[in-house]
Structure formats: C-alpha cells, structure tokens
Amino acid sequence: MPPDAARHAILAIDQGTTSSRAIAFDPSGGVIASAQQPLPQRFPRDGWVEQDPEDIWRTVLETSRQALVEARGKGFTVAAIGIVNQRETTVVWDRASGRPVHNAIVWQDRRGAERCGQLVAGGAAPAIRRTTGLVPDSYFSATKLEWLLSHVDGAGSAAGRGELAFGTVDSFLLWRLTGGAAHATDATNASRTMLFDIEAQGWDGALCREFGVPDSVLPEVRDSAGAFGTTDPAVFGAAVPVTGIAGDQQAALIGQGCLTPGMAKSTYGTGCFILVNAGRDRPEPGEGILATVAWRLGGETVYAVEGAIFNAGTAVQWLRDGLGVIGESAASEALAAGLPDNGGVYLVPAFTGLGAPWWDADARGGLFGLTRDTGAAHLARAALEACGYQTADLLEAMGGPKRGGRPGFGARIDRGRLRVDGGMAANDWLMQFVADITGAPVERPAVTETTALGAALLAGVGAGIYGSLKEAVAAAWRAERIFTPSMAVDRRKALRAGWRTAVRRVRNGAR
Ligand code: ADP
C-alpha cells in the first residue's frame, strides 16, 4: 500500500433490490461513513416487478453525496468508487437524452416465464447452459430485454438505429455517473444476462439473435477492476474514478476473501445464497446449480458455482409475523438455545417449493413431530435448524454427481471453513448449528457489509490502492468469530436423517 493511502477512502455504491446504500471505507476495511435510502418497487401486474430508474439514480446520488460529505468531514479523500448492484435487473435508455424508455424490470419479475418455458420445451436448455452457465429462467436479463425491445413503443426500431443502450443497474449507474461517457459493465454482471458466453468472455451472437438484441445496445464488458470512467464533476463536485464493479453475490464472495478455489460463502437473509470459488477452469456443477463468473481481473476469469435456498429467514419471519410466537427475529436465538435438543420437531419451510437438491416446485412446507410438549421454542429451533440442514444439503448438491468415475465439483469444496454473512448470521446459535451440521468451521467476519466491502476492494485494486485482491483482502478481512463444529458424527447423522424423513413427507404430501 502506498504510504499516502491511509487517508484515502473508497466509496462503495451498493444498489440493492430494496434500498440504495453508500458506504465509504478506509483501506483497512473500516467504515468511515454510510447512508441508506429505501427504493420503491412497483407491481403493475401479478408476477411483474418494476423500479423507476430515476428512483434508482436519485437514491444513489443522494446517499453517495451524503457519505462523501461525511467522509470529507473526517479528513478523507475519496480516491475511487466501486459499484455493487442487484443483479439481472434490466434498464434500456436513450443514448441522446439519457432517459430510460421504460421502468427497470427487476430480477424477481416473472413476465418472461412463458418464453423460458418454450425455450426449455424446444430443447434449448443444454446449449444455453453450455454457453452461459445458467438454467433458462425469466430471472435473468435476456427475456426482460427482449420484452422491452418488443413491447415499448418504437424501442425496437430505435434500437436498430443504434439510439438505445441496454444495461444492468451497474451499467446504467456508470453511464449516469460519467455523464454518458462510459457504456460498460463488468464480467460478473454480464454473466447474469443469459446473453454472455462465460468461457469466450463475449456477448453470444446466437443468443442475442434469439432474443432480438442488436449489438448496438450492448455495453462493453470489462474486467471487474480497472478504469471504467470518471465521474462528471457536476455529479459529486469532483472527478472521481470508478474503478470496480461486481454483482452483489460475487462482491460478497470477494468481500469475504474467498480468493482460493473451494472457498465458500453463505449469505443468510430472506433466502440463502451460497457461492463457491471454482478457480480458473469453467466448472460443470450439478443440476440446478449455476456456473457463473466470480470476477475477471487482468483479463483472467475466475469462476464460481452458485446455489440458492429459497427460504431461510422467511421461516423466522413466519414465526414472527404469521404465527406471532416471537416478537422479533433475534428472539429465536434464546428460545432455540434454551432447549436440550429439537425434541424430534422438524420444520420444512418449503413455502414456495423445494430447491436443491430436491427441485420440487410443488412441495409445500410441513411441521413434523409435534407432541403436547411442543412449544414456541421448538418451533424457533426447528426454523433455525432448517437453515442448517438446507446448507448441508446444498453444499452436497453443489458437488453434482460423479462424472466418469471422477468426483463431481463437490470434492473441491473447501470443508475447512464456511464464511457467513447476512441478517441471520448475527444469530450465534444458528451459526454454531451450521458448523455442527455441515462439519465445517463457520467464520463470521468483523465487517458484515461484505457486498459493499467487496466492491470497495475491487475499486481499491482498480485504483492501485492495493497491489492485488490478495493484498486487499489481507488488509481488510478479519474474522470476528469462528464457530467450530463440536457435534458428534452420530448425532449429526441422526439429525440429518430426521430432516430427510421430514423432506420426504413434504414431497409425498405434494404428490
Ligand atoms: P435480505 O437482505 O434478504 O432482505 P437480511 O440479510 O437483512 O435480509 O436478513 C433478514 C432476514 O433475517 C429476515 O428474514 C429475518 O427474519 C432474519 N433475521 C434477522 N436477524 C435474525 C436473527 N438474529 N435470528 C434469526 N433470524 C434473523
């Protein structure tokens, strides 16, 4: 680190689904200043989710300005900006005026579901998977962009004339921050569009034709750290370089310092996202697990495998808001800890079906093993335990089947540690249970804002504040607490067998 870097701050713009935040970090990962604003969502029809790009821009601008003023007040100079964003959300804007042609279509939006169903029925899934690492789904940007270009009045012909620009949220923000000078994205965000060849590292011509996307609308895909552009002085009163961009889950992987192949991070929020660093060779993970870009630096791509648990915190939310058996989420901890065991009670929170490794969209939740002794504590414990069982199941599924006698990707998952973050990671009882049931030590970082930190580290590398990601992580990542597995193997096996029985019943019930 250069000697003058100590008073340098890095601003992370963290543009999420429900809020925009700006956090200024010092080079050792300390938070100097932060600001947050909620972001309104719109639901024009059942299954449709939109956001006004002007709301996205306004909340980013206001929170960033607030954090910049606070950081400057503390004697720091903001030397670089990193952007981390909700992934897949799609914006199309007019290049001349900078005005969006329609609301942003948010990742949760399902309007492309039928189109994806047709693609799968037509046998397109294997080719899409080979090229993009994804499973055809309306969650990704391709069908959202197709819809915008074919349904917004005049958009298709304007795109044909080269008048429109497409971008995920990072790209739209970069364009606005640089006063229209840069139309670019990074490889992690590109890898979530379902238009990007993750091996060739370029837009895929065949997929772009399939979805009616002309080359002229596409942003340039760059490394995740480097010179993306400089802010228009009108925006923040100074020209600040934007030097890092990544999608939220990838940024968290970086912010958790998962730099070596096999290292995994698990984010426990409403749902749970697990990403595992897969190294420099494009992985072939098991069914329903995605292959994606972890980051690209110096033209070299590092890959990740990604799996999601749909319902993690939702089980606790259900106890709190649906049943009213706990007043606040954190109360689940003392309740669960107060019991000697789970009393044979299992909750399968399949509120919206079951993900990996069961892939049963029709399954619905179930509560098993109730006796007259069952109380609120058993329910709380069962809700938390479910997160642990699902983590163990997902890590196993991420391995995929053996291929040609060789072990699947799972053999390469580093069972020596699992790094955790998200709202539920504050729950000590749950973190100990995750360690016990997976057999992996669970490492909780001192800075839990891992997505923002990841963007800041990338930006720091891009600006030369750090010589490498390794140096950045060494400077900024610290464990706050490590939960060491202490459960006897027999007990773990018995608990997981009980869980599997409960899952079987939920699936039989659905049939
Ligand atoms: P997201 O970013 O997905 O909106 P957060 O990371 O803020 O969510 O996590 C919120 C979720 O975590 C909620 O479902 C909430 O019920 C749960 N949660 C928060 N704190 C705790 C806790 N101490 N124990 C258990 N669950 C918690």
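Where does methionine 194 lie? Methionine 194 is found in the loop between helix H7 (187-190) and strand S10 (196-197), where helices (H or I, at least four residues) and strands (E, at least two) are DSSP runs numbered from the N terminus.

## About the model

Before we look further, a word on the ground rules: this is a predicted model, in which local features need pLDDT of at least 70 and side-chain atom pairs count only at pLDDT 80 or more, while totals for chains, interfaces and linings use all residues. Residues are numbered from 1 along each chain as its sequence is written, and side-chain values use heavy atoms, with hydrogens and water left out.

## Two residues with positive phi

Back to methionine 194: its phi is positive, about 70°, although the residue is not a glycine. Methionine 194 counts as buried, at 1% relative accessibility. Here buried means under 20% relative accessible area, exposed means over 50%, and partly exposed is in between (1.4 Å probe, protein chains only).

Glutamate 88 is another residue other than glycine with a positive phi, near 70°. Glutamate 88 sits in the loop between S5 and S6 and is buried, with a relative accessible area of 2%. Its backbone oxygen is reached by the side chain of threonine 90 at 2.9 Å. This is a polar contact, that is, a pair of N or O atoms within 3.5 Å; within protein, one must be able to donate a hydrogen and the other to accept it, and residues adjacent in sequence count only if both atoms are side-chain atoms. Threonine 90 belongs to strand S6 (residues 90-94) and is buried, with a relative accessible area of 0%.

## The ligand and its shell

Turn now to the ligand, which has 13 residues around it; Thr270, Gln317, Ser329, Gly423 and Asn427 come nearest. A residue is near a molecule if one of its heavy atoms lies within 4 Å of it. By type, the shell divides into 3 nonpolar, 10 polar and no charged residues. In this scheme Ala, Val, Leu, Ile, Met, Phe, Trp, Tyr, Cys and Pro count as nonpolar, Asp, Glu, Lys and Arg as charged, and the others, Gly among them, as polar. Helix H11 (residues 313-323) gives the largest share of the shell, 4 residues.

Which atoms face the ligand's own oxygen and nitrogen atoms? A polar backbone atom of glycine 423 is 2.8 Å from an oxygen atom of the ligand, and a polar backbone atom of glycine 313 is 3.1 Å from an oxygen atom of the ligand. An N or O atom in the side chain of asparagine 427 is 3.0 Å from a nitrogen atom of the ligand. The protein covers 67% of the 580 Å² of accessible area that the ligand has on its own, with areas from the Shrake-Rupley method and a 1.4 Å probe; for residues, only the protein chains shown count as cover.

## Salt bridges

Side chains of opposite charge can pair when their charged atoms come close. The whole structure holds 30 salt bridges, each a side-chain nitrogen of Lys or Arg within 4 Å of a carboxyl oxygen of Asp or Glu. In one of them, glutamate 50 meets arginine 111 at 2.9 Å, N to O. Glutamate 50 lies in strand S4 (residues 50-51) and arginine 111 in the loop between strand S7 (104-105) and helix H2 (113-121), so the pair ties together parts that are 61 residues apart in sequence. Glutamate 50 is buried at 6% relative accessible area, and arginine 111 counts as buried at 13%. Arginine 111 also forms a salt bridge with aspartate 109, the closest N and O atoms being 2.7 Å apart.

Arginine 496 and aspartate 393 form a further salt bridge, with closest N and O atoms 3.0 Å apart. Because arginine 496 lies in helix H17 (residues 489-510) and aspartate 393 in helix H13 (residues 376-399), this pair ties together parts that are 103 residues apart in sequence. Both arginine 496 and aspartate 393 are buried. Glutamate 88 returns here too, in a network of salt bridges that links Arg87, Glu88, Arg192, Asp248 and Glu306.

## A contact across the chain

Isoleucine 81 has its place in strand S5 (residues 77-85) and counts as buried, at 0% relative accessibility. Its C-alpha atom is separated by 8.3 Å from that of alanine 455, 374 residues apart along the chain.
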